[in-house]
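Please keep the sequence and the coordinates at hand while reading.

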Amino acid sequence: MTSFASQIWTLTQARQITAKTHLVLQALASFEGYRGLFPSHESIAARAGCSTRTVIRALETAYSLGLIERTRQRMRRSGRVVRGPNRYRLVLVCLEQARIAAAHATQRLKEALARRNLRFSSNCQNVSELHTQRNFFSEKPRSKEEWLDLIASWSASPSTG
């Protein structure tokens, strides 16, 4: 098993990650302690000498490669559930990296589909009612005769002139 530092060095030399990503990942690894790994983006940026946005991009690259596993935490404050700090875990085993990369890609796809469904449902407005994608696809399938009757009813309606 290789160390995390040697893994990111190998990826940098193979040009799979940029030098900035390399610095961000080194800075992240330097926060590891006995309680875990949960620095803020600002703390990582200060230690790596880059912007917060660069840290976010670098972490996204690391998630997609499976180098880091993120756990989003929730905390209860004043009776409300709010976001807590992200917990990170450095992944050293190649098979586990592939599993984590696949899980991250699946999560990203689910989020993209949710955004698409939301955008679709907000764009699909009819004069009489709002049709969401869920209602559109959950209708029972119609038979050929039902479709023909429906089309015939459209052309049979009297035109106003």
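How many salt bridges does the count come to? The model is a predicted one, and in it the count comes to five salt bridges when a side-chain nitrogen of Lys or Arg must lie within 4 Å of a carboxyl oxygen of Asp or Glu. Side chains of opposite charge can pair when their charged atoms come close.

One of these pairs joins Arg-72 to Glu-111, with 3.9 Å between the closest N and O atoms.

Attention now turns to Glu-96. The side chain of Glu-96 meets that of Arg-89 in a salt bridge, at an N to O distance of 2.4 Å. Arg-89 has a relative accessibility of 34% and counts as partly exposed; Glu-96, at 23%, is also partly exposed. A further salt bridge links Glu-96 with Arg-99, here at 3.7 Å from N to O. Glu-96 and Arg-99 are both located in helix α5, where three residues, or about one turn of the helix, separate them. For Arg-99 the relative accessibility is 47%, so this residue too is classed as partly exposed. Through shared partners, salt bridges connect Glu-69, Arg-89, Glu-96 and Arg-99 in one network.

Which residues have the most contacts inside the largest nonpolar core? They are Leu-25, Leu-28, Leu-59, Leu-67 and Ile-68, within a core of 22 residues. Two or more residues of this core come from each of α1 (4-13), α2 (19-29), α3 (41-48), α4 (52-65) and β4 (87-90). Helix α4 provides the largest share, namely five residues.

When neighbours within four places in sequence are left aside, Leu-59 is in contact with Leu-28, His-41, Ile-44, Ile-68 and Tyr-88. Among these partners, Leu-28 and Ile-68 are themselves listed with the residues that have the most contacts inside the core.

How values were computed. Residues numbered from 1 in each chain as written. Predicted model: local features only at pLDDT ≥ 70, side-chain atom pairs only at ≥ 80, totals over all residues. Heavy atoms only, no water. Buried < 20%, exposed > 50% of the residue type's maximum accessible area, 1.4 Å probe, protein only. Helix = DSSP H or I, 4+ residues; strand = E, 2+ residues; numbered from the N terminus. Core = buried A, V, L, I, M, F, W, Y, C linked by side-chain atoms within 4.5 Å. Contact = heavy atoms within 4.5 Å.
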